[in-house]
Amino acid sequence: MQDRQTRCGFVATLGRPNAGKSTLLNALLGQKISLTSHKANATRKQLQVIVPHSGIDERGAYDAQIVFVDTPGIHHQEKLLNQYMLAQSLRAMSDCDMGIYLAPASDEVRHYEEFLNLSRDKAVHNRHILLLSKTDMLDNATLMRKLAQYQPYQSHYLALIPVSVKRGFAPNELLDVVARFLPDSAFLFDEECVTTAQTKEIAKEFIRESLFENLSDEIPYESDVIIQSYEEGKIERIYATIIVEKQSQKGVVIGADAQTIKRIGIFARKNIESLVGKKVFLKLQVSVQKGWSKEIKKLKKVGYDCTDMS
Ligand SMILES: Nc1nc2c(ncn2[C@@H]2O[C@H](COP(=O)(O)OP(=O)(O)OP(=O)(O)O)[C@@H](O)[C@H]2O)c(=O)[nH]1
Ligand SMILES: [Mg+2]
């Protein structure tokens, strides 16, 4: 009997803000690891999610380890943090073996053209699956017209797949297609490993997600989270600081009778508890750090290292 092949590779998940990248990765893994939000620009740095998959195709029977790299939405803004976010996406385009570009079904095709231009000299340029996402938002006839509009670009993409993560999503069908293009390689990670991120980093992201969920206007964009300490034990004890730009924002985050910060804490704690499978004690405080996102040195303290942005 022939040995099963092993395949392993890095797959950048790319697209404009709010395209559904992080939601897709959570659905492929079957577990929430990446923060998601109805507000755009939620993901700020790369996150690796490792999905095992086995199958059989024209190359033979295989066991695969697919390392999906979640990235911030591709957008252009002058602020240093936004430049860092774009650099994270560009780096994934260069470093990964292949990509998945998510184009929401309601998007205009010109955005895909912009991606092709941006990725011109990158590894994923002609090595990506074009995923038409959020197809549940269109009727069938419109979806067919949309698919036809992407046909002229077929020399650039490996496959064109319509997907709705919210309705009738079949992860294995997409994983089969991804695995077909993965390099032959031994596994790079332990088989039980689902992410290269530390639990502490994911906890930070879940608290940030709660800021996006519970606060409006500019505050989610002008705030971030620093985990001061993460103590493992029968109960995980997490002490974290929410940093904001202005004194007035601190008041909003805390809220009347501290009701808002309580809500933020409960929402985040539930997600962290599901992740670690244990009770979590989460203590949040708020600190005003004016200009925290405007200087390289300050951003580094919050976890965004801009020193070698490409
Ligand atoms: N209707 C519909 N909504 C979806 C689908 N997939 C994701 N969404 C929603 O789209 C919004 C954005 O999802 P995210 O996964 O955070 O998008 P993202 O591309 O990671 O966004 P950024 O990190 O900001 O770039 C959320 O409100 C999701 O619930 C889908 O298949 N159908
Ligand atoms: Mg995201």
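The structure holds 0 disulfides, a disulfide being a pair of cysteine sulfur atoms within 2.5 Å. This is a predicted model, in which local features need pLDDT of at least 70 and side-chain atom pairs count only at pLDDT 80 or more, while totals for chains, interfaces and linings use all residues. Residues are numbered from 1 along each chain as its sequence is written, chains are lettered from A and ligands numbered from 1 in the order in which they are written, and side-chain values use heavy atoms, with hydrogens and water left out.

- Cysteine 8 is in no disulfide, and the nearest cysteine sulfur, which belongs to cysteine 193, is 11 Å away.
- With 3% relative accessibility, cysteine 8 counts as buried, a word that means under 20% relative accessible area (1.4 Å probe, protein chains only).
- The sulfur of cysteine 306 is too far for a bond, because the closest cysteine sulfur, in cysteine 96, is 20 Å from it.
- Cysteine 306 is also buried, its relative accessible area being 4%.

**Ligand 1**
- Ligand 1 is surrounded by 21 residues, each with a heavy atom within 4 Å of it, and the closest are Lys21, Thr23, Asn41, Thr43 and Asp136.
- A backbone N or O atom of valine 165 lies 2.8 Å from an oxygen atom of ligand 1, and for a backbone N or O atom of asparagine 18 the distance to an oxygen atom of the ligand is 3.0 Å.
- A backbone N or O atom of alanine 19 lies 3.1 Å from an oxygen atom of ligand 1.

Note on methods: Polar contact = N/O pair within 3.5 Å; in protein donor to acceptor, adjacent residues only side chain to side chain. Buried < 20%, exposed > 50% of the residue type's maximum accessible area, 1.4 Å probe, protein only.
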